[in-house]
Each structure stands twice: as C-alpha cells, then as structure tokens.
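Visitor: I'm new to this one. Could you show me how to read it?

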Amino acid sequence: MTEYGRGPGSEPWHPEDPLYGDQGWGGQQQYPQQAQYGQDQYGQGQYPQDPYPQGSYAQDQYGQGGQQGYDPQYQQPHQQPHPQQGQQPQQYSDPQYGNQTYGGQQGYSGQGYDTPGYPAQQYDTGWETGQAAMPYGATPADPYGGQNPDLYGTPEAYPPPQPPGRRQGPPEPVIDWEAEPEEEERHPFFTGEDGADDDGHDDHDDERSGDGSSRGGRDRRGGKGQKNKKGKNGVACLVVALVLVGGVGGIGYFGYQFWQGQFGAAPDYAGEGSGEVQVEIPKSAGGYEIGNILKKAGVVKSVDAFVSAQGKNPKGLSIQAGVYTLKKEMSAESAVTLMLSPASQANFVIPEGKRNVWVYEQIDKKLDLKAGTTQGIAKAKAKDLGLPDWATNHADLKDPLEGFLFPASYPVAKGNKPEDVLRKMVARSNEEYAKYDLEAKAKQLGVESPWQLITIASLVQAEGTSHDDFRKMAEVVYNRLKPSNPQTFGKLEFDSTYNYIKNQSKIDLTLEELRKYDNLYNTYFYKGLPPGPIGNPGNEALQGVVNPTSDGWYYFISLDGKTSKFTKTNADHQKLVNEFNKSR
C-alpha cells in the first residue's frame, strides 16, 4: 500500500495530482543538485543517474537509499523496524548538528519524530498540500471518493503549483549587443518629414507590410524627396528661431518695464516749471489721486514721482482740498513745495457772517465774469441749486440764498460755472445744518421752523464776537420774542438788520434814524424776526442758537468792538450806552 492508500500498482501517481507530495515535478527530483556527487551528504549511498525509475519515489530528502520508497521490483514498501520492536535506533553524523536520533529513523524521512513518552507521529513531507499524512500502518480513506478530478484543467483555474526549487520570476530578455541600435525618433516638424513620400505613400504603411516585413521606413534615404525634406527642415528651424528670438525679446522688454516700475526712478521733470495752471483737488483726495490730477494738467510727469516727493516732505500729507495755482512741467518736489505754500492756494474762502452780496462779487472776480453775473444767476436759479424744502417759498426775501452760502473754503478756478460754485456752497450748508437736527430744536425753543433758527443764527453772528457772546445773544433774541416781553415789547431792535437792508456796516446810528425807516428787515420798525437771514452764520453761532443761556438777559452792548456786556433791564443798559458815548 502506498503512503496515501491508493494501493500497489505499476503506475505512479500523476504529477498533476495536488496530493502528489514533494516528489519533484514531472518525474524530476526536488533537489536535483544532489545528483552531482553520487553520494548524499550523510554518506549513506550513491544516487543513480535516474533516481526515480518508473516514476516511483525511491529516496527521501536525506538520502536513505529507498528506506521508505517503492521497490522497483516488488512494488512493496520496505519498512524499517520501529524502536519499540527491539531494534536500536540508528544514528547519523551531521557536521553541523552532531549525532542525533530521530525516532528510530535515520535522517528525516517524513515519518515524524518521537517525543519521549509519546508514540511517533507521521507527517506528510509534501509541500503545499496543507494535509497531514495518516498514521503509519493505517488504512486511509480515498480523499477523492473514488473519483479523480482534474483541478487544473479549466481555463478559469489557477496554474498548477510549482515546486519550491522551480519558482522563478519572468525570464530576463536576451539582449543582442551586436544588433544595430535603433535610430532616435524625431518629430516630423524638425525632420521635415510629413509622413508620406514623393509618391504619396505613408511611411508608416511602408514599415508594415502584409507579411509583417519592413519595406522601407526610416532606412529610405536619398532620392528626389531628400532635397524637399532638407528644405522643410530649414524652414522649420528658421520659424522656431524667430519665435524664440521674439519671445526672448518680449520677455526682456516686459522684464525691463517691471524692473523700472519696481526699482527704477520714476519719470520726472526738472526745475520749477513755467506758465500757470489751476488745478482743483477734491475733498479727501490721497496722494495717488492728487498725482493723477497734476499729471493730467501737465504739472508733473508721473504719479509715482509726485507720491515719492510727497512722502519725502515732512508736511507732504497735509495738502488740503482746494484750488492751487501751479506751473507746468514742474519737478515733483517743486510741486509739493508750492502746494504747501499759501501763495499757490487759489481757494475762495467765505468768512463767517459775510452777506451773499459780497460772495457774488468775489465769485465774479475769480471767474473773470462781468459784475452782477453770479447774483443774477442766484436769483434766477435759486430753486435749482439744492435748497431744502423748509428754505423755499418765503415771501419778501431780499435774497433767497441768504444764509445758505456756508462759510468755508471752496475751489473756484477759471473755467468753472457760477451755478456750479453756488451749488457746492448750498450743499455744504445742508451738510452742516443737518448736524443740529434743526426741526426738533425749533419746537424745543418755541420757534416755527428751522428757517427761523437760521435767521436767528445770522443775527447772532452779525452782533457777537465770541462763542460765549453767541449763547447770551441767542437768549436775548428768545426773550424779546416772547409775547410777555416787558422790556422791548416784542421788538428785537438789532442794528445789524438795518445795516443789512442798507448794505452797510455802520456803528454810529441814531434811534431816530433807525425807528423811522420802514422796511420788513428793520427790527426797530417791525416786531419779530426779519423775513430771512441777514448773512451766513458759522458753526459757533449755530451752536449758541441751539444751546442758549437762561440767565434772563435782554440787552447787550460792545464798548470796544471786541467784547460784549449784557444786562437784564433797560436802566442798566442805558448806563453802558452813556459810557460808550463818553469813550468816543
């Protein structure tokens, strides 16, 4: 009986049987290199040239000379006596391990080993079977149930397992060093080849014929097409060269421009320039915006030069909005210096308390216009210049824009239109008046509308000289406007109203003169407020009007023209008047 219980017979197991064990592959021994020596490493016998005649397993892996294999004549296995049957165990000498005994068997024949006190266990010495052999002497069952399936005969199956000694990677390619090296492939653009010969045949068609042989391909040289190829090659190289030169030139140009912008000096004029030009700088303009305005007007050569010069000047950032008279083609440094000088500032400044008549005259002069031009436009276009609703449709006004040309600095340059200048002044007035919430303050202070508050502010501005004066004078107005006024009985009696209608600023006025002139603006003749403002009040006068004192003042007088004294009764006031008359 065989090791696996198949029964005796002349046919060995087929090599493709997965239970064939490690008896070699295809009738070959697992360790073919041992056949070179004729004797195993333990000196137990010499290998024959064919260690497996008739395909039988004739020798174990340690050279026991068929101790456990098949006998080619009797086809019966020879059994070694077991140590338990009275035979002394045989030893072998190994140069590395010395004399050792393995369960009564010489070498390791795949029958297991003995542990003292335990019977010898049998193990399959085959590789990759994953199945232990049956105990020695037992009759194993047929592992295939009487069938012999072909486990590797289908296309979907894995290839048969290889013995350990034959597991190798893919074979290395054989290199023929004497073969002609393959020509380096070049793009047709540079070789001048267009893929077809002079007869219209494609080179790729020539390389592969029907029988797989090459009929031409890259080795087709010479002929009448060679000249054309050289010509195409030259033209292609010329085109590439021109493109490269152009690209390098463009990169160099833009690189130079970038370097100039980052590290080079900004273009600039030299000197202080010549001629005159007026430029207007808007409110909140920064260095680059100012530089652009100056460059457009021909004052400076570049914005960067002006910004650089402005940064170098300690006062450069203090340039204010307004109109400046400068020169053309100035160096940036000279332009900054001149703009910081009052001599260049061409702004039109309206002082506090100035009447509109004076403003109109100054605008005409600034714009080189005929006298009276701006005043005529103001009367004709008053409703189109941006007045608030509460400032329109008032009767008996001397000037509808009075009180709305706010005291400030305005850019007025040659070429401007009068209506544009006036519109800027009205807009500034609206902006400033909105800060005081005049409608709410009018109700709180007992007057009809913001219009009356502006009128009172114009009176205070014309009579007072300081912030403290403005608050006390505002109280004087409110007290005299009261119906229960026991001092003036409803009349304001301000000299400034008379001077306004007369367009003058006199101090020496008699009561007879003041009380005889019949005009709605004359507060000596009419009770209450005049029809409208008599000038353009500033912020301090407005603050005094919306926040007056409450001390009971009814009278005031200025003895030196700079300060004012206030009294609560007419008797105290007459004492101050007599003192004033004596000082004259």
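Predicted model: local features only at pLDDT ≥ 70, side-chain atom pairs only at ≥ 80, totals over all residues.

Visitor: What does the protein chain average in pLDDT?

Guide: pLDDT is the predictor's confidence in each residue, from 0 to 100. Here the chain averages 74, and 57% of the residues score at least 70. Over residues 1–11 the pLDDT is below 50.

Visitor: Which residues of helix H4 are buried?

Guide: Helices (H or I, at least four residues) and strands (E, at least two) are DSSP runs, numbered from the N terminus. Buried means under 20% relative accessible area, exposed over 50%, partly exposed in between (1.4 Å probe, protein chains only). In H4, residues 287–296, the buried ones are Gly287, Ile290, Gly291 and Leu294.

Visitor: Why do they line one face of the helix?

Guide: An α-helix has 3.6 residues a turn, so residues three or four places apart point the same way. Down the axis of H4, the buried residues fall within an arc of 100° (taken from the directions from the helix axis to the C-beta atoms), so they line one face. On the other side, Tyr288 and Lys296 are exposed.

Visitor: Is Phe348 buried or exposed?

Guide: Phe348, in strand E5 (residues 348–349), counts as buried because its relative accessibility is 4%. Phe348 and Val412 are 64 residues apart in sequence, yet 6.0 Å apart in space, C-alpha to C-alpha.

Key:
Residues numbered from 1 in each chain as written. Heavy atoms only, no water. Contact = heavy atoms within 4.5 Å.
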